[in-house]
Amino acid sequence: MIQDKTYKIKVRDTHDAVIYVYERYYRQKTDPKDAEKKIFWSENNVIAVVPVDKDYNLTDDDFIEQVNATVKALAALYEHTPDYEIGISCVFNYPYVSC
């Protein structure tokens, strides 16, 4: 049986890319100054981190393509999560690259 557990993951500045999967959920509360007014905000909670190091037999373009393919695969996996919205982002240690 799967149980709730929190893991500590180390992400180093030497990784060539890092992929983050996070859950986004929305909250609301009543404004303490005006009971008729609701205050809404969203929160993100990281649920998975995938640090990636480049295989130096790959070109930069091939590596970026592989990371983007992984992001797309994770997006497809989490596409139908019923209880909250899932977001996926990644950061490359290359200038001007995004996924």
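## The aromatic pair

There is 1 aromatic pair in this structure. For the cut-offs: rings of Phe, Tyr and Trp (its six-membered ring) pair if their centres lie within 6.5 Å, and planes under 30 degrees apart count as stacked, over 60 as edge-to-face and the rest as tilted. The pair links distant parts of the chain, with F63 in helix α1 and F92 in strand β3, 29 residues apart. Helices (H or I, at least four residues) and strands (E, at least two) are DSSP runs, numbered from the N terminus.

Both F63 and F92 are buried (under 20% relative accessible area; exposed is over 50%, partly exposed in between, with a 1.4 Å probe and protein chains only). Setting aside neighbours within four places in sequence, the contacts of F63 are D16, A17, V52, D53, K54, L58, F92 and Y94. Contact here means heavy atoms within 4.5 Å.

## Where the numbers come from

Keep in mind that this is a predicted model: local features need pLDDT of at least 70, side-chain atom pairs count only at pLDDT 80 or more, and totals for chains, interfaces and linings use all residues. Residues are numbered from 1 along each chain as its sequence is written, while side-chain values use heavy atoms, with hydrogens and water left out.

## The core

F63 and F92 turn up again in the largest nonpolar core, which has 13 residues. Such a core is a set of buried Ala, Val, Leu, Ile, Met, Phe, Trp, Tyr and Cys residues joined through side-chain atoms within 4.5 Å. The residues with the most contacts inside this core are A17, I19, V52, F63, V67, C90 and F92. At least two core residues come from each of β1, α1 and β3, and α1 gives the most, with 5 residues.

## Sheet and helix

The sheet is open and has 3 strands in the order β2-β1-β3, with antiparallel pairing. Two strands pair if DSSP finds at least two bridges between them. β2 (34-52) and β3 (85-92) are the edge strands with a single partner strand each, so one side of each has no neighbour in the sheet. On average, neighbouring strands are turned by 30° against each other, direction ignored.

Strand β1 (residues 17-31) is joined to β3 by 8 bridges, and A17 has F92 as its bridge partner in β3. Helix α1 (residues 60-77) lies across β1, β2 and β3, and runs at about 170° to β3. Axes are lines fitted to C-alpha atoms, for helices over the stretch in contact, and angles run from 0 to 180 degrees between N-to-C directions.

## Salt bridges

The count of salt bridges is 3, the rule being a side-chain nitrogen of Lys or Arg within 4 Å of a carboxyl oxygen of Asp or Glu. In the pair of E85 and R24, the closest N and O atoms are 2.9 Å apart. E85 sits in strand β3 and R24 in strand β1, so this pair ties together parts that are 61 residues apart in sequence. E85 is partly exposed at 36%, and R24 is partly exposed at 22%.

R27 pairs with E43, with the closest N and O atoms 3.5 Å apart. R27 belongs to strand β1 and E43 to strand β2, so the link spans 16 residues in sequence. Finally, K54 pairs with D60, again with the closest N and O atoms 3.5 Å apart. K54 counts as buried at 10% relative accessibility, whereas D60 is partly exposed at 39%.
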